[in-house]
Amino acid sequence: MTPPDACLATRLLDRLDRLTMPLALAIALLLFLQWPLRDLAGAGFGPTQANDLAQWLFALYVAVALRHAGRRGVHLVARPDLAAGSPARWRRAGAALCVLPWALFLVTVSARPVLGSVAALERFPDTFNAGYFMVKIALLLLAVLLALQAALELWQAWPWRRAR
């Protein structure tokens, strides 16, 4: 009783993870270049552009990386020893049931402000550089990805799946 979408969804999310991995290198490069740019260009355009770009790339990277870490079971867990004696499917379902309501809540309350930020092409408040709306997009992306992963975990932990 595996829906064809569950495997496809997992593959698509894993592909998104792989496509996002190079952002870590871009972030490190941009943050590294801040100081040489500051020396070459003064405190003007170059360093702030590099810093602001690194901030929104980091936000996108973290949005995808948190879902990936949760999928691999390497994300922060509060007292994993408490659940050690329970079956794996109950641990998966329990974790998903804890994440899913909060992720859906975050999607619900952040969608309107994020869309407003994108419509206004919101700028960074300190530097007035373009792109702050990307940080807000990353917030919404994080919530959507965590909700999708939690729903997939619930589906995979559901009792009827053992009947196969």
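Predicted model: local features only at pLDDT ≥ 70, side-chain atom pairs only at ≥ 80, totals over all residues.
Me: How many salt bridges does a search of the whole structure find?

Reply: Start with the idea. Side chains of opposite charge can pair when their charged atoms come close. Here the search of the whole structure finds three salt bridges.

Me: Which side chain meets Asp 14 in a salt bridge?

Reply: That of Arg 67, at 3.4 Å from N to O. The pair links distant parts of the chain, 53 residues apart: Arg 67 sits in helix α3 (residues 45-72), Asp 14 in helix α1.

Me: With which other residue does Arg 67 form a salt bridge, and how far apart are the closest N and O atoms?

Reply: With Asp 17, at 2.4 Å. This pair again links helix α3, with Arg 67, to helix α1, with Asp 17, across 50 residues.

Me: Why does Arg 67 count as buried?

Reply: The cut-off for buried is under 20% relative accessible area. Arg 67 has 1%, so it counts as buried. Asp 17 is buried because its value is 4%. Asp 14 is buried too.

Me: Where does the pair Glu 122 and Lys 136 lie?

Reply: The closest N and O atoms of this salt bridge are 3.0 Å apart. Glu 122 is in the loop between α4 and α5 (132-157), and Lys 136 is in helix α5, 14 residues apart. Glu 122 is partly exposed, at 25% relative accessibility. Lys 136 is partly exposed, with a relative accessible area of 25%.

Me: Which residues form the positive surface patch?

Reply: Arg 11, Arg 15, Arg 18 and Arg 72. Helix α1 (residues 4-20) gives the largest share, three residues. Arg 11 is found in that helix, α1.

Me: Which residues form a nonpolar patch on the surface?

Reply: Leu 29, Phe 32 and Leu 33, with about 300 Å² of accessible area together. Take Phe 32, in helix α2 (residues 23-41). Exposed means over 50%. Phe 32 reaches 59% relative accessibility, so it counts as exposed.

Me: Which residues does Val 107 touch, not counting those up to four places away in sequence?

Reply: Leu 140, Ala 143 and Val 144. Val 107 is found in helix α4 (residues 88-119). Its C-alpha atom is 5.7 Å from that of Ala 143, 36 residues apart along the chain. Val 107 is partly exposed, with a relative accessible area of 23%.

Terms used:
Residues numbered from 1 in each chain as written. Heavy atoms only, no water. Patch = residues over 30% accessible without salt bridge, like charges linked within 9 Å, V, L, I, M, F, W, Y side chains within 5 Å. Areas by Shrake-Rupley, 256 points an atom, 1.4 Å probe, with all protein chains shown as cover. Salt bridge = Lys/Arg side-chain N within 4 Å of Asp/Glu carboxyl O. Helix = DSSP H or I, 4+ residues; strand = E, 2+ residues; numbered from the N terminus. Buried < 20%, exposed > 50% of the residue type's maximum accessible area, 1.4 Å probe, protein only. Contact = heavy atoms within 4.5 Å. Lys, Arg positive; Asp, Glu negative; His and termini not counted. Charge placed at Lys NZ, Arg CZ, Asp CG, Glu CD.
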